[in-house]
Amino acid sequence: MSPAVAKIARTTVAAALAGVGTVAASKLAQRKPSVQARLLRTNFRGEEVTLAEGPAIVAGLCATALVDPPAAVAALSAGSLGLVDDLTGTTDRRGFAGHLGALTHGELTTGAVKIIGIGVTGLLVAGVIDRRRLRPDTLLAAGLIAGGANLINLFDLRPGRALKVSALLATPLLLAGAPAAPVVLGAAAGAACDDLAGRSMMGDTGANALGAVLGVAAARRLGPRGRATGFAAVLALTLASEAVSFSKVIESSPVLRAIDHWGRPR
C-alpha cells in the first residue's frame, strides 16, 4: 500500500470512529442516571435537554490521535476546561469582557480559568505544530486554536447551529488536506441527530473541543499570511459578539435563516 493510500485509509477510519464514538458515548452517558442528572440543562425554549453531547463529541474527537496527535491534545484540553465551566460555572458573567472584567476585580471565574487554560493549550500545541521553532506566526497559530475554541461556542445558541458552522469551516480544510478536518465532520455527523432535534446540546465542552481542533487544522494548512488573516477574522467575530446578537443577524437574513433552520423539526 502506497503512503498516499495508507493516509487516506487512516483518515477515513479516524472519521468513521469519530462518528461512531460520538454516538456511542452519548448513548452511554444518557443511560447512566447519575451522569444524566448532572448534565440536564434548560435550552432557549425553556425545555430540559442534556449536555451529554459535549463529552461525547470530545470522545469522538479523540480519533484525531490517529492522524494528528496534537489535535487530540487540543480537543481533550479544551473539552475538559469546557466541561468544568459547564458543570460548575455560573451565568452572571458572560463573554471575554465579563470574565476578564471579574478577574481584574480579584474574582476568578470558571470562564476565566477556561480562557487562560485554552490560551496556554493553544500556545503549547502551536509550538508542537511548528516543531518548537517559535516564530511570530506561531503566536497566530495559538490564537487560531484558542480563538477557534471560543468562536464555535458563540454559535451554540440554537439546535444544530454550531455543528453547521463547524462543518462549514471543516470542509475547505478537508479539501486542503488537513488531517483533523474529516474527524471534525465525523464527530459533527454523529452529534447531528440529537442536536438538530433539540434533545441535546454540546455546551462549552463540545464547542470548545470542536473549535480547538478546527484551529489546529487551520494552523496546519495556513502559512504566516493565512494565519494572520484567519486570526483577524476570528478576533473580529469574537469582538462583534460582545455587541451584536448573532441570532438576530441570522434571523434577519432569509438565506442565513433558512440554513440555520434546516434539519430542525417543524
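**Exercise 1.** Work out which helices supply at least two residues each to the lining of the second largest pocket, and which helix gives the most.

*Solution.* Start with the contributors: helix H7 (136–154), helix H8 (161–175), helix H10 (203–221), helix H11 (224–241), helix H12 (246–252) and H13 each supply at least two lining residues. Helices here are DSSP runs of H or I with at least four residues, numbered from the N terminus. Then look at the middle: of the 27 lining residues, Leu151, Val165, Leu168, Leu169 and Leu237 lie nearest the pocket's centre. (A pocket is an open set of points on a 1 Å grid over the protein atoms alone, where a 1.4 Å probe fits, with protein on both sides within 12 Å along at least five of seven lines; lining residues have an atom within 4 Å of a point.)

Quick note on the model: it's predicted, with local features needing pLDDT of at least 70, side-chain atom pairs counting only at pLDDT 80 or more, and totals for chains, interfaces and linings using all residues. Residues are numbered from 1 along each chain as its sequence is written, and side-chain values use heavy atoms, leaving out hydrogens and water.

**Exercise 2.** Classify Cys62 and Cys193 by exposure.

*Solution.* Take Cys62: at 30% relative accessible area, Cys62 is partly exposed. Now Cys193: with 54%, Cys193 is exposed.

Key
Buried < 20%, exposed > 50% of the residue type's maximum accessible area, 1.4 Å probe, protein only.
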